[in-house]
Amino acid sequence: MDFKGVLVKIFTRNREVVLCAAGTAVALLGLGLVYKYNVTRPEKKFTRVGVVTQLLLHPMKSGKAVLVETAECLRMGLKYGELRDRHWLVITEDGHMVTGRQQPRLVLVSLSCEGSQLCLNGPQMEELRVPLQQSNNAVVDCRVFSIDVQGRDCGDDVSNWLTRYLESDKTVRLVHYEPHLKAQRPSEKEPLFPKDEKVAYPDAAPIMLMSEASVRDLNTRLDKDVTVFQFRPSIVVNDCEAFTEDTWDHIQIGQVELKRVVGCGRCLFTTVDPETGIITRKEPLDTLKAYRLTDPKQKTAPILGQYYIVKKTSVLHVGEPVYKITY
């Protein structure tokens, strides 16, 4: 009998023993892997650092804020009913964005959704209502800063309304981002963002968080107080020290997990009064530049608030505590 035959004979006689030994070996290996994973996996530690006091959506880029008590926190930002944060964009006829930097009175325009209608309101303007879904309208190639994006045109009635409101000698149009259209990749402007992150029309990130304490600190240095509305955050937090949000690299609010990417570098838009639509081109930006040039990556842009990406989606509520996660 050859060697192979001997092995077959031995295995046949001792099959149960061999199988039992093999099963035991596999079980021990599994226990070893579980033990190794549990030993090497860092344990999360949660430290309460504040409480959510406001949730804000800006459905139209540079438009009026919508305050809500609860909102879905999705990968591309906050959602409340049919409203999505910065999912509508005013553009020129050749596709370049129009914001409050060029047209400060945009901050007084409110965009809302009622049933299947899109509603626009502004000072000294009649309310405009048009169908929310206009799938036969053209998809437009447009640009947010240097990034190519797309949007569905909202129609001539909206274009005429906005052009009249802005008293513009050039026609402007409104586009709406839809999920299948080309989005921004924040990593194209800021390499610190993961390459798979996408946003519609924000300057950079899906979420911007800031504290009331930081604004109060700024107000001690100004002749005229400003509010958080001047800085257009998504999430406002209280019960913390000024600028401590700069250190919250990983936070949890309810079931939502957010990861900090970079500080929010402030620009001329902060000098637009959200109540009047008047731009001063001075304060509070000049004062911020005097003491908040804290991030070398932002060069000449002072930091107020922090940009976050959404690591775990869920629903946010005003009044929920904010926990800093460490390992």
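**Exercise 1.** In this predicted model, how do the residues lining the largest pocket divide into nonpolar, polar and charged?

*Solution.* Start with the classes. The lining holds 16 nonpolar, six polar and 10 charged residues. Next, take the volume. The largest pocket has about 700 Å³. Then go to its centre. Of the 32 lining residues, Arg101, Asp203, Ala204, Gly265 and Tyr307 are the closest to that point. Last, look at the elements. Both β13 (207-211) and β16 (256-265) give two or more residues to the lining. β16 supplies the largest share, with three residues.

**Exercise 2.** Describe the second largest pocket by volume, lining and class.

*Solution.* Its volume is about 320 Å³. The lining of this pocket counts 15 residues. Nearest the centre lie Lys224, Asp225, Val226, Gln230 and Asp273. Sorted by class, the lining has five nonpolar, four polar and six charged residues.

**Exercise 3.** In what order do the four strands of the open sheet run, and which are the edge strands?

*Solution.* The order is β6-β12-β11-β10, with antiparallel pairing. β6 (88-92) and β10 (139-144) are the edges, since each of them pairs on one side only. On average, neighbouring strands are turned by 55° against each other, direction ignored.

Now zoom in on one pair. β11 (residues 147-153) and β12 (residues 172-176) pair in the antiparallel sense over two bridges. Arginine 152 stands opposite histidine 176 in β12.

Finish with the helix. α3 (residues 156-165) packs on the sheet and touches β6 and β12. The direction of α3 makes about 130° with that of β12.

Methods: Residues are numbered from 1 along each chain as its sequence is written. This is a predicted model: local features need pLDDT of at least 70, side-chain atom pairs count only at pLDDT 80 or more; totals for chains, interfaces and linings use all residues. Side-chain values use heavy atoms; hydrogens and water are left out. On a 1 Å grid over the protein atoms alone, a cavity is a set of points where a 1.4 Å probe fits but cannot get out, and a pocket is an open set with protein on both sides within 12 Å along at least five of seven lines; lining residues have an atom within 4 Å of a point. Grid points are joined across faces, edges and corners, and a volume is the space filled by probe spheres set on the points. Ala, Val, Leu, Ile, Met, Phe, Trp, Tyr, Cys and Pro count as nonpolar, Asp, Glu, Lys and Arg as charged, and the others, Gly among them, as polar. Two strands pair if DSSP finds at least two bridges between them. Axes are lines fitted to C-alpha atoms, for helices over the stretch in contact, and angles run from 0 to 180 degrees between N-to-C directions. Contact means heavy atoms within 4.5 Å.
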